[in-house]
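Trainee: I have a new structure open and I'd like to learn how to read it. Can you walk me through it, feature by feature?

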Amino acid sequence: MIRTIRWIIFLLSVSATPGFAAKVIKIDAAKKVITIDEGTDTQFLKKSKVCFYDANNVKVGCSFIRTAKPKISFIKIKGDKLFAKIQMGMMAKVEAGPPAPGTPGITADPAAAAPATPSDTPKSYVTGLVLLPLVGPISYQNLIYETPVGRQVDSMWSADSAVKSLGFGLELGLGISSFQLTAGLRTRMFLPKKISSDYNDENSDNTFEQYMDTTATGTGFGAWLDFYWLIVDFGVVDFRLGNGLEFDSSTVNFEATQLSDLNGDSKVMYSGKSSLTALSLRLLPTLDFIFGPIDFTLGAVIYIPVSQSSKFSLGTSEDPFVQFLNPEKTVEEDLKTSLKHEAKPGADLLLSAGFVF
């Protein structure tokens with residue numbers, strides 16, 4: 001009964017004082033955002049200063065409206081101590097703003113501190129990330145040796161499939177005003193297949209005792225700078241959209257070894273090295289989940305190459321069957337063209353986890 005009377009006195013005192021009153025209807029502990037049941041219809045405007053009062057009509061602290069809608073408003077709380085004091089049902093009032101200089105009877109104090117303004121600055125973070133290719137932006141081919149025995153060939157190689165890859169990296173994000181600037185480093189691990197194919201029928205009995213093993217191991221390194229220019233706050237999750245620029249460098253070492261089923265002899269028949277550097281534009285739609293100090297991100301990285309440069313050097317070429325190759329194409333050109341080590345439009349699935357600060 002006493003508590004009920006106290007709340008009635010409190011409500012009467014609130015209604016008798018200047019400003020508009022509202023009630024706390026939701027507390028988001030993860031984002032430290034308070035929702036109140038009044039909005040722009042009752043002068044609860046974005047960036048307005050709002051103060052909270054306990055049941056004894058004692059002011060516990062103030063903050064600023066981050067987002068205002070007609071019937072509700074969202075208030076970002078700075079500081080754990082103030083946030084801990086705010087409870088469901090607590091009253092909130094818009095504080096009267098300072099009078100404009102020149103108002104009759106009011107003398108502006110030039111030494112007075114300017115009123116604080118709310119900050120919507122996104123949090124800064126550091127995360128580890130994994131990139132799973134949806135359409136590989138940097139790729140090359142698993143090659144099959146095409147034995148030319150008994151036929152003329154245009155190439156000594158055919159493509160089995162594109163080499164798959166997996167990326168691992170670190171990213172640092174910095175909140176600047178209402179935007180985010182991020183920088184990261186990444187290594188790309190390629191996962192080639194070893195492919196065996198017929199090489200020669202020494203006894204001409206339609207049994208190919210000799211065969212060729214081909215493999216192409218690759219490594220890649222990347223660095224990027226991104227700018228998230230759109231961040232929409234949905235509470236626990238932020239939708240972010242950004243653009244950036246990425247530098248990528250990768251190397252592929254190709255080798256084809258001739259072996260025999262009859263003995264343990266082996267011989268490197270082909271070897272070559274391909275180097276590629278590329279500059280690509282990045283587009284990043286992501287969902288950023290923040291649970292206290294923990295940050296999880298799910299999204300995509302879309303790449304559009306704007307320039308690339310490649311170099312191929314042939315180390316070994318001791319295959320006597322190259323005489324069957326189209327005379328308009330050298331062994332080096334044939335291997336480089338077949339390997340198709342290049343940058344192209346592509347996309348990675350982005351998964352990351354880290355800490356905000």
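Predicted model: local features only at pLDDT ≥ 70, side-chain atom pairs only at ≥ 80, totals over all residues.

Trainee: Okay. How many helices and strands are there in the protein chain?

Mentor: You'll find 3 helices and 19 strands.

Trainee: And the surface? How much of the protein chain is buried, and what is its accessible surface?

Mentor: Of the 357 residues, 39% are buried. The accessible surface comes to about 18800 Å², and 61% of that belongs to carbon and sulfur atoms.

Trainee: Next, the strands. Which strands make up the closed barrel, and in what order?

Mentor: With a barrel, you follow the pairing from strand to strand. Here 6 strands form a closed barrel in the order S1-S2-S5-S4-S3-S6, and the pairing is antiparallel. Neighbouring strands of this sheet are turned by 45° against each other on average, ignoring direction.

Trainee: Can we zoom in on one pair? How many bridges join S3 to S4?

Mentor: There are 5 bridges between S3, residues 49-53, and S4, residues 59-68, and the two strands run antiparallel. To see one of them, look at Tyr-53: its bridge partner in S4 is Lys-59.

Trainee: I also keep seeing S14. Which strands does S14 pair with?

Mentor: Let's take its partners in turn. S12 and S14 run antiparallel and are joined by 10 bridges; there, Arg-188 stands opposite Gly-220 in S14. S13, residues 195-200, also pairs with S14 in the antiparallel sense, over 5 bridges. In that pairing Asp-198 stands opposite Tyr-211 of S14. Then 23 bridges join S14 to S15, again antiparallel, and Gly-218 stands opposite Val-252 in S15.

Trainee: What sits between S14 and S15?

Mentor: The two strands form a hairpin with 3 residues between them. Find Gly-235 in the turn: its phi is positive, about 100°.

Trainee: Now charges. How do I read a salt bridge?

Mentor: Look for a side-chain nitrogen of Lys or Arg within 4 Å of a carboxyl oxygen of Asp or Glu. A search of the whole structure finds 13 salt bridges.

Trainee: Where does the salt bridge partner of Arg-66 lie?

Mentor: The side chain of Arg-66 meets that of Asp-233 at 3.2 Å, N to O. This pair links distant parts of the chain, with Arg-66 in S4 and Asp-233 in S14, 167 residues apart.

Trainee: Are those two residues buried or exposed?

Mentor: The cut-off you need is that buried means under 20% relative accessible area, with exposed over 50% and partly exposed in between. Arg-66 has 15%, so it counts as buried. Asp-233 has 31%, so it counts as partly exposed.

Trainee: Got it. What about Arg-282: which residue is its salt bridge partner?

Mentor: Arg-282 forms a salt bridge with Glu-246, and the closest N and O atoms are 2.4 Å apart. Arg-282 is in S16, residues 266-291, and Glu-246 is in S15, residues 237-260, so the pair ties together parts 36 residues apart in sequence. Try the cut-off again: Arg-282 is buried at 4%, and Glu-246 is buried at 3%.

Trainee: Let me try Asp-334 and Lys-329. What do I find there?

Mentor: Their side chains meet in a salt bridge at 3.9 Å, N to O. Asp-334 is buried, with a relative accessible area of 1%, while Lys-329 is partly exposed at 29%. Elsewhere, salt bridges that share partners join Arg-186, Asp-226, Glu-246, Asp-248 and Arg-282 into one network.

Trainee: Last one: which residues form the nonpolar patch on the surface?

Mentor: Among them are Val-126, Leu-172, Phe-179, Trp-229 and Phe-357, and the patch has about 1100 Å² of accessible area together. S11, S12 and S14 are the elements that give two or more residues to the patch. S14 gives the most, with 4 residues.

Trainee: And where is Val-126 found?

Mentor: Val-126 is in S7, residues 125-135. With a relative accessible area of 38%, Val-126 is partly exposed.

Note on methods. Residues numbered from 1 in each chain as written. Heavy atoms only, no water. Pairing = 2+ DSSP bridges. Axes fitted to C-alpha atoms, helices over the stretch in contact; angles between N-to-C directions. Buried < 20%, exposed > 50% of the residue type's maximum accessible area, 1.4 Å probe, protein only. Patch = residues over 30% accessible without salt bridge, like charges linked within 9 Å, V, L, I, M, F, W, Y side chains within 5 Å. Areas by Shrake-Rupley, 256 points an atom, 1.4 Å probe, with all protein chains shown as cover.
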